[in-house]
Amino acid sequence: ICDPALWPKLLAGTDAVIHLAAIIPPLSDLKPELATAVNITATAELVRQMQVSPTAKRLIFASSNAVAGSEQHLRTPPLTADDEPRPSDLYGRTKADCELLIKASDLRWSILRITACPPLEISFGDAGNLDAMFSASEHARIEAVHNDDAALAFANAAQCDAAGRNAGGCCFSGAQRQPARRILQAGLAPGAGDCGDQRGGGCCF
């Protein structure tokens, strides 16, 4: 994805691009140069190449709840696509930067901000990745999405006539959001403390 010479051939005859490639935590923290090259530089080149392509004018971009930052629970819910991003790590900043450059393009775009999307099969070797995925305050509002639902959202977005160059291109799911500790108690980690405030609401990606 970092080789600009690949794009003309890959985009030939293509109508839409679903852009999922990214370096995510914890690797993005360990190799920030690689994360910047893949997440920002390569995405900017993709946008540039699509703008000169005669056919590839539809971009569906996988963003992340990381654009809201790790302290989104301190903000007044619910957060929306129009709220100012406040990323708190490199990965979130790269996603926020990509959203800006995509919105500044003349492409037809949809941006889908995805929250925790755990793998269907995990091993002990995945423990570090899962720790990073759920490294949020116990008071934070969080939502998990099944792999199949995320895949369907991207497939539907590729055929969505409502795509445009506005905040409506940001796709938010409509499920109920809950404080992280309530979700943990419900099954991920039974007995993980007092539920306390169980009000729903918040930023749903």
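Buried means under 20% relative accessible area, exposed means over 50%, and partly exposed lies in between (1.4 Å probe, protein chains only). The model is predicted: local features need pLDDT of at least 70 and side-chain atom pairs count only at pLDDT 80 or more, while totals for chains, interfaces and linings use all residues. Residues are numbered from 1 along each chain as its sequence is written, and side-chain values use heavy atoms, with hydrogens and water left out.

**View 1. Overview of the chain.** The chain holds seven helices and six strands; helices (H or I, at least four residues) and strands (E, at least two) are DSSP runs, numbered from the N terminus. Their order along the sequence is α-β-α-α-β-α-β-α-β-α-β-β-α. Of the 205 residues in the chain, 38% are buried. Contact means heavy atoms within 4.5 Å. Among contacts between residues at least 6 apart in sequence, 77% join residues at least 24 apart. The chain exposes about 11000 Å², of which carbon and sulfur atoms supply 56%; accessible areas come from the Shrake-Rupley method with a 1.4 Å probe, and for residues only the protein chains shown count as cover.

**View 2. Salt bridge between Glu45 and Arg48 in helix α3.** A salt bridge is a side-chain nitrogen of Lys or Arg within 4 Å of a carboxyl oxygen of Asp or Glu. By this rule the count is two. In this one, the N to O distance between the side chains of Glu45 and Arg48 is 2.9 Å. The two residues are three apart in helix α3, which means a separation of about one helical turn. An α-helix has 3.6 residues a turn, so residues three or four places apart point the same way. Glu45 is buried, at 17% relative accessible area, whereas Arg48 is partly exposed, at 43%.

**View 3. Salt bridge between Arg113 and Glu99.** Here the side chains meet at 2.7 Å, N to O. The pair links distant parts of the chain, with Arg113 in strand β3 and Glu99 in helix α4 (residues 90-103), 14 residues apart. Both Arg113 and Glu99 are buried.

View 4. Lys95 is buried but has no salt bridge. The nearest side chain of opposite charge is Glu99, 8.2 Å away; Lys and Arg count as positive and Asp and Glu as negative, with His and the chain ends not counted. Leaving aside residues up to four places away in sequence, Lys95 touches Ala22, Phe61, Ala62, Ser63, Ser64 and Val67.

**View 5. Buried side of helix α6 (residues 147-157).** Ala150, Phe154 and Ala157 are buried in this helix. They lie on the same side of α6 because they cover an arc of only 65° around the axis; the arc is that of the directions from the helix axis to the C-beta atoms. Cover for the buried residues of α6 includes β1 (16-19), β2 (58-64) and β3 (108-114).

**View 6. Cis peptide bond and a nonpolar surface patch.** Pro25 and Pro26 are joined by a cis peptide bond, with omega about 5°. Pro26 lies in the loop between β1 and α2 (27-30). Leu27, Leu30 and Leu34 make a nonpolar surface patch of about 280 Å². Patches are made of residues with over 30% relative accessible area and no salt bridge, with like charges joined within 9 Å and nonpolar side chains (Val, Leu, Ile, Met, Phe, Trp, Tyr) within 5 Å. Leu34 belongs to helix α3 (residues 32-52) and is partly exposed, at 35% relative accessible area.
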